[in-house]
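Here is a structure to read through in questions and answers.

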Amino acid sequence: MTKHWQDQVAWITGAGSGIGRALAIELGRQGAIVAVSGRRQQRLEEVAREVEAAGGRALAVPCDVTEESDVVIASSSIVRELGRLDLAIANAGFSVAGAVRDLSAEDWRRQLDTNVIGAAMTARHALPHLERTQGRIALVGSVSALLPTPRMAAYTASKYALRAIGQTLSIELDGTGVSCTLVHPGFVESEIAQVDNQGRHDPARVDKRPKNLMWPADRAAREMLRAIRARKREHVFTGHGKLGAALGQHAPGIAHFVMTRGAAKRQAAAVTKNASSSSNDR
Ligand SMILES: NC(=O)c1ccc[n+]([C@@H]2O[C@H](COP(=O)([O-])OP(=O)(O)OC[C@H]3O[C@@H](n4cnc5c(N)ncnc54)[C@H](OP(=O)(O)O)[C@@H]3O)[C@@H](O)[C@H]2O)c1
């Protein structure tokens with residue numbers, strides 16, 4: 001195996017599970033030294049052990065990306081401990097679900113705080129270190145940044161905003177030697193569906209996403225790292241994700257038609273369910 005990331009220092013936020021964990025392990029396999037961040041320290045230590053078992057070196061650096069002071073301390077302690085920074089992946093995120101008419105201002109703030117401001121602060125405090133190494137920054141967006149999805153307005157808005165940050169950053173970084181890659185995954189196996197609107201992991205929640213359309217996280221990690229290594233500005237993946245993104249971008253009328261048919265079906269199913277439970281109550 002070619003070790004593309006040999007001795008490179010990488011920092012991944014949201015690395016305690018899902019895509020972030022898979023990125024950390026894959027970077028470890030490819031020889032990197034990986035700093036893993038998130039809020040749950042025990043998860044970070046487990047992932048750090050997995051990175052080391054895969055052949056890399058790892059450092060668990062707890063950090064809540066919604067606290068700028070945490071991000072400042074994390075980025076500077078990584079460089080102090082590991083000597084440099086070559087790659088920062090702003091991956092931490094979760095999804096607030098619910099129709100626009102039901103979401104509170106607090107729901108919106110929580111969503112944007114993590115997915116938008118948290119990622120912007122990760123980029124802000126990683127960049128001075130990346131400029132020294134002509135390194136790479138990656139922002140983990142979503143196909144939702146390209147295709148609006150009903151009951152997901154807060155998440156969709158957060159990923160649209162993240163896309164705007166990445167596109168702007170790519171222009172601002174021109175000539176510095178640092179690249180910014182926006183990666184937009186379709187469905188990937190992870191714990192995202194088990195996280196509630198408060199951002200808390202609840203293992204009892206059922207992942208209702210279509211299993212047949214979902215990529216394993218290790219495959220997603222390899223795909224993402226290829227795009228980041230090639231310094232691509234933007235990369236969409238999973239076949240289904242590419243189709244959704246193309247519809248959202250180039251055929252918004254068809255995307256609207258498909259999405260409204262889905263919403264109508266869900267509404268009809270909910271009405272039928274309510275009707276049958278109220279007739280059972282009688
Ligand atoms: N899985 C998919 O199908 C999919 C598709 C498109 C995009 N994405 C994006 O991929 C990224 C990773 O998500 P995932 O699917 O791998 O979900 P996941 O398994 O739930 O991982 C998300 C990670 O983010 C961390 N996190 C959440 N809030 C944080 C905060 N304030 N500060 C630091 N870390 C925080 C969580 O750890 P702690 O709770 O310990 O902090 C968790 O380990 C997200 O940005 C998501 O929007 C996922």
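**Cavity, sheet and pocket**

A search of the whole of this predicted model finds one cavity of 30 Å³ or more.

Q: What makes this space a cavity and not a pocket?
A: A cavity is a set of points where a 1.4 Å probe fits but cannot get out, whereas a pocket is an open set. The largest cavity holds about 50 Å³ of space, and of the 13 residues that line it, the closest to its centre are Ala-90, Asn-91, Ala-92, Asn-115 and Ala-119.

Q: Which helices each supply at least two residues of the lining of the largest cavity?
A: They are helix H4 (105-133) and helix H5 (153-172), and H4 gives the most, with five residues. By kind, the lining of the largest cavity divides into six nonpolar, six polar and one charged.

Q: Why is strand E1 (residues 9-13) called mostly covered?
A: A residue is buried when its relative accessible area is under 20%, and five of the five residues of E1 are buried, so the description applies. Val-9, Trp-11 and Thr-13 point one way from the strand, while Ala-10 and Ile-12 point the other way, and all are buried.

Q: What makes E1 and E2 a pair?
A: Two strands pair if there are at least two bridges between them; E1 and E2 have five bridges, in the parallel sense, and therefore count as a pair. Within this pairing, Trp-11 stands opposite Ala-35 in E2.

Q: How do you know that strand E3 (57-60) and strand E7 (234-237) are edge strands?
A: The open sheet has seven strands in the order E3-E2-E1-E4-E5-E6-E7, with parallel pairing, and E3 and E7 each pair on one side only. The twist of the sheet averages 15 degrees from one strand to the next.

Q: Where do the residues that line the second largest pocket come from?
A: This pocket has a volume of about 160 Å³, and of its 14 lining residues, the closest to its centre are Gly-18, Arg-21, Ala-22, Ala-217 and Asp-218. Helix H1 (18-29) and helix H6 (217-229) are the elements that give two or more residues to the lining, and the largest share, six residues, comes from H1.

Terms used. Residues numbered from 1 in each chain as written. Predicted model: local features only at pLDDT ≥ 70, side-chain atom pairs only at ≥ 80, totals over all residues. Heavy atoms only, no water. 1 Å grid on protein atoms, 1.4 Å probe; cavity = no way out; pocket = protein on both sides within 12 Å on 5 of 7 lines; lining within 4 Å. Points joined across faces, edges and corners; volume = space filled by probe spheres on them. Helix = DSSP H or I, 4+ residues; strand = E, 2+ residues; numbered from the N terminus. Axes fitted to C-alpha atoms, helices over the stretch in contact; angles between N-to-C directions. Buried < 20%, exposed > 50% of the residue type's maximum accessible area, 1.4 Å probe, protein only. Nonpolar A, V, L, I, M, F, W, Y, C, P; charged D, E, K, R; others polar.
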